[in-house]
Amino acid sequence: MGPLFTAALLAVALGFFAFTMARRLAPLVALRKEDRVSRTGERAMALLRYGIGQRRLVDPEERGPGILHVLIFAAFVVLALRTITLFGMGFAEDFHLPLLAPEGPLGLAYGFAKDVMVLGALVGVAGFLWRRLVSKPDRVTLSTEGVVILLFIAGLMLTDMLFDGAGLLARGEGGSAWAPAAAIGRAALAGLSPEATRAIGQGAFWLHLAIILLFLNVLPYGKHFHIITALPNVFFAHLPPAGALRKLDLEVEDASYGTATVKDLSWKEAWDVYSCTECGRCQTHCPTYVTGKPLSHKEVNRAIRHHLVDVAPALTAMARAKDASARESAAAKLPAITEVVPPETFWACTTCGWCETACPVLIENVPRLVDMRRHQVLVESSFPDEAARVFKGIETQGNPWGIGSNKRTEWCEDLDVPRAASGEPFEWLFFVGCAGAFDDRQKKVSRAIVRLLREAKVSFAILGDEETCNGEAARRLGNEYLFQMQAQANVETLNGYGVKKILVQCPHCLNTLKNELPQFGGNYEVVHHAELIARLVAEGRLRPGRADGIGAVTFHDPCYLARWNGVVDAPREALGAVPGVVLREMPRSGRQGFCCGAGGGRFWLEEKLGTRVNQERIGEAAATLGDAGGVVATGCPFCLTMMKDGVNETGREEKLRVLDVAEIVALGIADRAP
Ligand code: SF4
Ligand code: SF4
């Protein structure tokens with residue numbers, strides 16, 4: 001019965017699997033096209049690092065469960081050859097893969113590795129069962145599916161051990177350290193009659209094959225679909241620049257204006273939700289989840305995945321439609337995306353990027369949420385009132401405060417700062433930014449930067465009244481139309497002066513000018529002031545003096561500086577160069593920093609739900625600096641305001657000061673200046 005039975009088992013199971021996969025993947029054809037295969041070399045490297053290498057799974061904070069996952073993942077990889085061998089044995093009892101004859105050196109080595117993996121996987125299963133059923137950490141959702149899958153895996157490992165153990169007994173061989181799992185299987189069967197041992201061995205063999213095929217067919221029906229989709233998802237992941245949002249083509253006749261229904265998602269965004277393991281790592285330090293807002297990346301994924309399954313017939317009908325009207329009539333059956341992801345969810349996001357950095361399978365979240373905002377703003381005209389004021393301010397005055405554009409250079413009226421329009425050559429264009437020009441607190445930072453540039457004899461100029469808002473807040477609040485107008489205006493001005501190098505004091509300017517203006521023909525070297533200061537110090541052009549009275553300093557990493565643009569060391573190098581500064585790191589720092597609550601345009605919106613993000617962060621800074629207090633340093637106008645507000649709201653004015661990196665460095669220089 002072996003070969004026939006094996007063939008029938010395979011035909012039925014693989015046929016059903018192909019049927020299910022076709023049903024799962026067919027709707028993706030109806031979704032937005034997106035190129036996720038070019039730059040193959042970079043994709044292959046990401047696959048090696050994050051997929052095969054499981055890099056994000058073993059980060060220090062999550063090392064325990066990460067190692068458990070690695071044990072199971074490694075067993076699946078190594079046991080792939082074993083699985084092929086076992087199916088081959090279903091056709092011919094002595095089947096083995098070339099080079100892997102059981103008695104040959106490679107076969108013995110593989111057998112050893114396989115047995116170690118089998119035992120490792122059992123440890124992994126036991127650990128995960130403990131987490132799911134006993135320790136129950138917050139980020140893990142208890143589900144029957146999760147437990148059943150773990151029992152499947154345990155069943156695979158135990159049947160493997162029993163099959164090999166029975167084989168040892170049948171051949172009259174003893175247990176060996178080179179086959180530790182088989183030796184345990186043998187010990188479990190020792191004492192049984194040869195007939196019973198043979199029956200158990202055969203039963204284990206067929207049960208093993210049956211579990212594999214059942215397992216394969218169950219996967220596409222739940223979150224464990226990720227076992228199939230996760231590695232491709234890593235390959236298809238967004239490549240740098242990480243911080244750039246997709247440019248909407250607003251000129252074409254059938255322009256897309258964001259996500260109205262699930263049909264506006266890209267095929268990759270659907271693949272993303274298929275790949276979500278619901279591990280919950282994305283919500284551990286999500287500022288919205290932590291402070292009680294109704295947004296968790298995991299839950300958004302789950303909602304969209306269930307919805308995709310519900311509307312699969314309509315999407316499949318769209319994919320198969322012969323003409324535009326058939327396609328439109330199928331699309332009309334789709335509910336609005338707001339019925340799947342409520343507006344309060346996608347408006348809550350600060351676009352801080354923590355979730356994307358934490359996700360072990362590189363699922364993207366921010367572009368999807370911004371696309372939902374885009375549809376609300378561009379088509380439905382439905383957005384928070386505060387956002388309307390921001391849009392109007394940018395449209396009419398070129399800044400989100402709506403302050404008269406003729407006041408843009410008031411901050412430097414007494415400084416005689418060179419203008420690009422003067423015609424004098426300059427090396428750096430200092431893009432001051434709206435906060436640096438209009439916000440009273442940030443104007444002091446602008447002046448400190450000018451002082452440092454002059455001290456280091458840097459050749460620079462500003463645009464002055466020709467500068468206008470980069471539109472970053474408008475883009476992340478969904479107003480792509482307004483953003484594109486601002487981007488085009490700035491590119492025109494910058495290119496008009498032949499600008500090559502831009503200095504910014506705001507990470508949001510950094511991200512937009514560096515990563516998004518290339519979409520409009522603006523290609524520049526853009527650096528944050530902390531980077532330039534660190535560079536000038538290293539070159540010996542800037543020698544900070546002692547900053548008396550500063551003492552302990554902890555640096556709050558702006559999300560758009562550290563996480564989205566990888567600038568982590570420069571601010572620390574700049575601060576570390578100031579005599580008298582003692583740097584202390586918050587537990588959440590660098591690329592793993594915790595948001596202040598201002599990103600994604602949230603700075604401009606009221607925070608009505610849950611607790612305040614800035615208070616959570618300032619609490620962490622205060623704990624880091626201890627009873628004596630000190631300085632919370634940052635490098636972003638919006639972080640500066642949020643941190644200062646956090647200090648005031650929590651009554652810590654006596655203990656904490658909030659300063660920009662440039663102010664701390666310039667303070668030392670001011671003390672030393674004649
Ligand atoms: S999005 Fe990523 S981190 Fe979040 S639950 Fe899914 S797999 Fe885990
Ligand atoms: S980007 Fe930040 S705020 Fe938005 S869901 Fe992710 S972690 Fe939360």
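**Entry 1: the sheet**

I began with strand 1 (residues 428-431), which runs parallel to strand 3 and is joined to it by 4 bridges; strands here are DSSP runs of E of at least two residues, helices are runs of H or I of at least four residues, and both are numbered from the N terminus. Two strands are taken to pair if DSSP finds at least two bridges between them. Within this pairing I found Trp428 opposite Lys501 in strand 3.

I noted that this is a predicted model, in which local features need pLDDT of at least 70 and side-chain atom pairs count only at pLDDT 80 or more, while totals for chains, interfaces and linings use all residues. Residues are numbered from 1 along each chain as its sequence is written, chains are lettered from A and ligands numbered from 1 in the order in which they are written, and side-chain values use heavy atoms, with hydrogens and water left out.

Strand 3 (residues 501-504) also pairs with strand 4, again in the parallel sense and over 4 bridges, and there Ile502 stands opposite Val526 in strand 4. Which order do the strands of the open sheet follow? I read the order as 2-1-3-4 for the 4 strands, with parallel pairing. Strand 2 (460-461) and strand 4 (525-528) are the edge strands, each pairing on one side only.

**Entry 2: the chain as a whole**

I counted 27 helices and 8 strands in the secondary structure of the chain, and I recorded a C-alpha trace that spans about 100 × 65 × 45 Å along its principal axes. Of the 674 residues in the chain, 56% are buried, where buried means under 20% relative accessible area, exposed over 50%, and partly exposed in between, using a 1.4 Å probe and protein chains only. Among contacts (heavy atoms within 4.5 Å) between residues at least 6 apart in sequence, 79% join residues at least 24 apart.

**Entry 3: the two ligands**

I next looked at the surroundings of the ligands, taking a residue as near if one of its heavy atoms lies within 4 Å. Around ligand 1 there are 14 residues, of which Cys276, Cys279, Gly280, Cys282 and Cys359 come nearest. By class, the shell around ligand 1 holds 7 nonpolar, 4 polar and 3 charged residues; Ala, Val, Leu, Ile, Met, Phe, Trp, Tyr, Cys and Pro count as nonpolar, Asp, Glu, Lys and Arg as charged, and the others, Gly among them, as polar.

Ligand 2 is surrounded by 13 residues, with Cys286, Cys349, Cys352, Gly353 and Cys355 the closest. Its shell has 8 nonpolar and 5 polar residues and no charged ones, and helix 10 (287-290) and helix 15 (354-358) each supply at least two residues to it.

**Entry 4: aromatic rings**

I searched the whole structure for aromatic pairs and found 21; rings of Phe, Tyr and Trp (its six-membered ring) pair if their centres lie within 6.5 Å, and planes under 30 degrees apart count as stacked, over 60 as edge-to-face and the rest as tilted. The pair of Phe112 and Trp178 is edge-to-face because the ring centres are 5.0 Å apart and the planes stand at 65°. This pair links distant parts of the chain, 66 residues apart, with Phe112 in helix 4 (residues 105-135) and Trp178 in the loop between helix 5 (144-170) and helix 6 (180-189). Phe112 is partly exposed at a relative accessible area of 30%, whereas Trp178, at 60%, counts as exposed.

How are the rings of Phe225 and Tyr274 arranged? I found a tilted pair, 5.1 Å centre to centre with 55° between the planes. Phe225 lies in the loop between helix 7 (194-218) and helix 8 (226-235), Tyr274 lies in helix 9 (residues 267-275), and the two are 49 residues apart. Phe225 is buried, with a relative accessible area of 1%, and Tyr274 is buried too, at 3%.

I also noted a cluster in which ring pairs link Phe5, Phe163, Phe205 and Trp206.

The buried residues of helix 8 are His226, Thr229, Ala230, Asn233, Val234 and Phe235, and they pack against helix 2 (40-52) and helix 9.

I then turned to Phe73, which lies in helix 3 (residues 63-91) and is buried, with a relative accessible area of 19%. Leaving out residues up to four places away in sequence, Phe73 touches Gly51, Ile52, Gln54 and Leu231.
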